[in-house]
Amino acid sequence: MIHRLHSIQINQAAARRILMVVLLVFVCLQGVPTSLPAQDKPKAPEQAKIEVYAAPTALELKMQLQNWAADQKTKNPAELKSIARLLVKLDSPLSPEQKLALTLQVFSELNPEAKQLVQAYQLSDKLPQLSSHPLLVNGKAETFYLSNIRYYVARNLTQFRMVDQALELFTSIKPDELIDPAGYLFYKAVCEHHLLQKEACGKTLDLLLNNTEQIPERYTQVAILMQADLAELKDESLDEISRKMSDVERRLELGNSGKKVQKVEDEIIASLDKLIKKMEDQSKKGSSSGAGAGSSNSPDGGSSESRVKGQTAPGEVDKKKLSNNGGWGDLPPKKQASAKNIINRNFPSHYRKAVEKYFKKLATQKANTGK
């Protein structure tokens, strides 16, 4: 009896093993899951792709230039020989700036328009004559050829201090097509910094320092200085006003006296007027508190010379007087005296000199142009 029970148990175990084998074979043939399907887990949000800008390698650039040259369909043996000599130079180590210079030589060799633009905007002692050439003004620069031509022009315009025109070109360029993306971001940031476009400049500097490879050390150091400078610059401070003054001087020296200049001029006058009123209010508050404490003769009470009796400095600018008196930047004599007193007492001497120099230069410019 015991033997029979043992035998039955063995047979049952064998049957279970056979059944498991059959089930496994069935699963393999049918593709049925061996367990209940688990509930779908929510997918983690995909992280935004971080784009990193890098100069092309020598081999990549050589292939790009060969393809571009082939598209020009030149059959002139002399031109083909010249291009071949230029491309051989890529076998030696070159910086992105040197690669750009070589690329422009290739463009100029096969394309008369490129040659004309390279010559017209090359660095010299003479300001370039701005051109409305289709290569510079038509649409976005979305090709290897057009992007690098525009970058060359914009970079050189920046060094000519023609930052408004340069920035227009920079904003039309695709940096991922450039031979020198670090240079593009650096010079674009320089334009934005000069024009006090703080938010845009901050973003450009961040891309340069964190998303770009092969950055020259000089770019890195200047970019860090620009970041620190923008962090300290306050709206409508005397520092910002003096920079706007310098920008107006730059524009006038370049022969620009249109609506943009007039707009900046109005901003400067309005900011100066606000600053003067703020200082006058502080001076009045100090005087009244000193008088209430019985110490009106104390230096802490403020100087009566720091304000003009009866002047309330409403912060408004008479545009008719600015446009008709031949010297828009001339504050009334009493307000000039008030401004100088305030600036002398509250700011370093170089600000006073900058303000005086600015107004004198504007008066000279207006007298010379007869406007």
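A residue is called buried when its relative accessible area is under 20%, exposed when it is over 50%, and partly exposed in between, using a 1.4 Å probe and protein chains only. This is a predicted model, in which local features need pLDDT of at least 70 and side-chain atom pairs count only at pLDDT 80 or more, while totals for chains, interfaces and linings use all residues. Residues are numbered from 1 along each chain as its sequence is written, and side-chain values use heavy atoms, with hydrogens and water left out.

By this burial scale, C201 is buried, at 0% relative accessibility. C191 is buried too, with a relative accessible area of 0%. A disulfide is a pair of cysteine sulfur atoms within 2.5 Å, and the count by that rule is 0. C191 takes part in no disulfide, the nearest cysteine sulfur being that of C201, 9.7 Å away. That distance is too far for a bond.

Next come the nonpolar cores. A nonpolar core is a set of buried Ala, Val, Leu, Ile, Met, Phe, Trp, Tyr and Cys residues joined through side-chain atoms within 4.5 Å. The largest one has 57 residues, and L65, F107, Y151 and F170 have the most contacts inside it. Its largest share, 9 residues, is supplied by α7; helices here are DSSP runs of H or I with at least four residues, strands are runs of E with at least two, and both are numbered from the N terminus. Another core, of 11 residues, lies apart from it and includes L238, V248, I268 and L275.

What does L65 touch, leaving aside its neighbours within four places in sequence? With contact taken as heavy atoms within 4.5 Å, the partners of L65 are L87, L90, L102, T103, V106, F107 and F144.

Helix α4 covers residues 96–110 and spans 22 Å from its first C-alpha to its last, close to the 21 Å expected; the expected span is 1.5 Å times one less than the number of residues.

Beyond its neighbours within four places in sequence, S147 is in contact with A141, E142, I173, K174, E177 and L178.
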